[in-house]
Amino acid sequence: MLKKKILITGGSGMLAYDFIRTQGEEYDIIAVDREECDITSFESIMQCIALHSPDILLNCAAYTAVDDAEDIGMRTCFDVNILGVRNLAKATSVFGVEFITISTDYVFDGKKENGYLPTDECNPIGVYGMSKYLGERLALDENPRTIIVRTSWLYGGEVWVFKNFVNTMLRLSETRSELKVVADQHGIPTSCVDLSFAISLVIGRLDDLLDEGHNIFHFSSVCEEGSITWADFAREIFTLLWRNTKVIDCNSSEYPTKAKRPSYSILQNDLDTLLPDWKIGLARYLGKS
Ligand SMILES: NC(=O)c1ccc[n+]([C@@H]2O[C@H](COP(=O)([O-])OP(=O)(O)OC[C@H]3O[C@@H](n4cnc5c(N)ncnc54)[C@H](OP(=O)(O)O)[C@@H]3O)[C@@H](O)[C@H]2O)c1
């Protein structure tokens, strides 16, 4: 059978890296980075789609600097996450290409403690979350055959190389015997490898899901504990790697950041798809399974 052709924008990012690595056999994948396709340029996207004629466009491009989005990066954040996503939706609609874009738990305010469903009302509390939310809305307006995959606390790519929480903790533990880590924000870490698998399952049922009007999905790892904090996450990283760095719980107020983050952002999974437990994904990432 002919493989589906997927065009990935943001092709040099963390999620794109793991999607290509793990799903490369399943699909005919073409990944383009910002130089080849700048999503803030409608023309650039149109040319890229015309050149590659994909069945699906998977958008992994985003402005992800959550704190900088509050001030110095606000303009770029809006350009990429709102206008860029709208451009992609519009262009895919013109060509009749299915459009999948990735979003975040930060579209919620974190006040619901028992987990958010895709149908729950969004209420972002920071600029990045707002930009992702508006990008979602505009994408659905421009192309009703858009799929939005929301995920949380994402990590992946090469260990040490990509910018993510796990790699930050690894670097810090090289020189620090103690680390204060935030313990009043709850969420669920998700590995890009497991998310790639979930995206692939959605792709396998794309037509049915879209025909049913099912556009928004939540995917994060299973978490037996219900949710964990960043401090719990750091502890598990150090335990798996036999690092002696002691993790000291602290409150967000002791570690002020420019952006406010939701205190409980647990996504309830859709479909009957369960991703592996977060500890399993983490152990695999760190080469410990
Ligand atoms: N990381 C998380 O914790 C997390 C959590 C929930 C959801 N998400 C979402 O998951 C998705 C993937 O995130 P990620 O962590 O893989 O992001 P990432 O590693 O930061 O990758 C984003 C990519 O987008 C590219 N990009 C930025 N502006 C662009 C533009 N104008 N045109 C084309 N490409 C552009 C970047 O290229 P440059 O390198 O050239 O800047 C980068 O390669 C994003 O939608 C993000 O919002 C992330």
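**View 1. Strands β1 and β2 pair side by side in this predicted model.** Let's start where β1 (residues 5-9) meets β2 (residues 28-32): the two strands run parallel and are joined by five bridges. To find your way along the pair, look for Lys5, which stands opposite Asp28 in β2. Between the two strands the chain passes through helix α1 (residues 14-23), and this β-α-β crossover is right-handed. Another pair to pick out is Ile8 with its bridge partner in β2, Ala31.

**View 2. Six strands make up an open sheet.** Reading across, the order is β2-β1-β3-β4-β5-β10, with parallel pairing. At the edges you will find β2 and β10 (216-218), each of which pairs on one side only. From one strand to the next, the twist averages 20 degrees.

**View 3. Helices α1 and α2 lie across strands of the sheet.** Here α1 lies across β1, β2 and β4. Its direction makes an angle of about 160 degrees with β2. Helix α2 (residues 42-52) lies across β1, β2 and β3 (56-59). The angle between α2 and β1 is about 155 degrees.

**View 4. A shell of 24 residues surrounds the ligand.** Which residues are the closest to the ligand? They are Gly10, Gly13, Met14, Ala61 and Ala62.

**View 5. Domain 1 and domain 2 touch each other.** The protein chain is divided into domain 1, covering 5-155 and 189-218, and domain 2, covering 165-187, 224-265 and 278-285. Taken over C-alpha atoms, the centres of the two domains are separated by 26 Å. How many residues of each domain are in contact with the other? Domain 1 contributes 23 residues and domain 2 contributes 18. On the side of domain 1 that touches domain 2, the elements giving two or more residues are α4 (127-142) and α6 (192-204). That side of domain 1 has eleven nonpolar, four polar and eight charged residues.

Conventions
Residues are numbered from 1 along each chain as its sequence is written. This is a predicted model: local features need pLDDT of at least 70, side-chain atom pairs count only at pLDDT 80 or more; totals for chains, interfaces and linings use all residues. Two strands pair if DSSP finds at least two bridges between them. Helices (H or I, at least four residues) and strands (E, at least two) are DSSP runs, numbered from the N terminus. A crossover is right-handed if, with the strands pointing away from the viewer, the path from the first strand over the helix to the second runs clockwise. A residue is near a molecule or strand if its C-beta atom, placed from the backbone, lies within 6 Å of it. Domain bounds come from an automatic or database domain assignment. Two residues are in contact if their C-beta atoms, placed from the backbone, lie within 7 Å. Ala, Val, Leu, Ile, Met, Phe, Trp, Tyr, Cys and Pro count as nonpolar, Asp, Glu, Lys and Arg as charged, and the others, Gly among them, as polar. Axes are lines fitted to C-alpha atoms, for helices over the stretch in contact, and angles run from 0 to 180 degrees between N-to-C directions.
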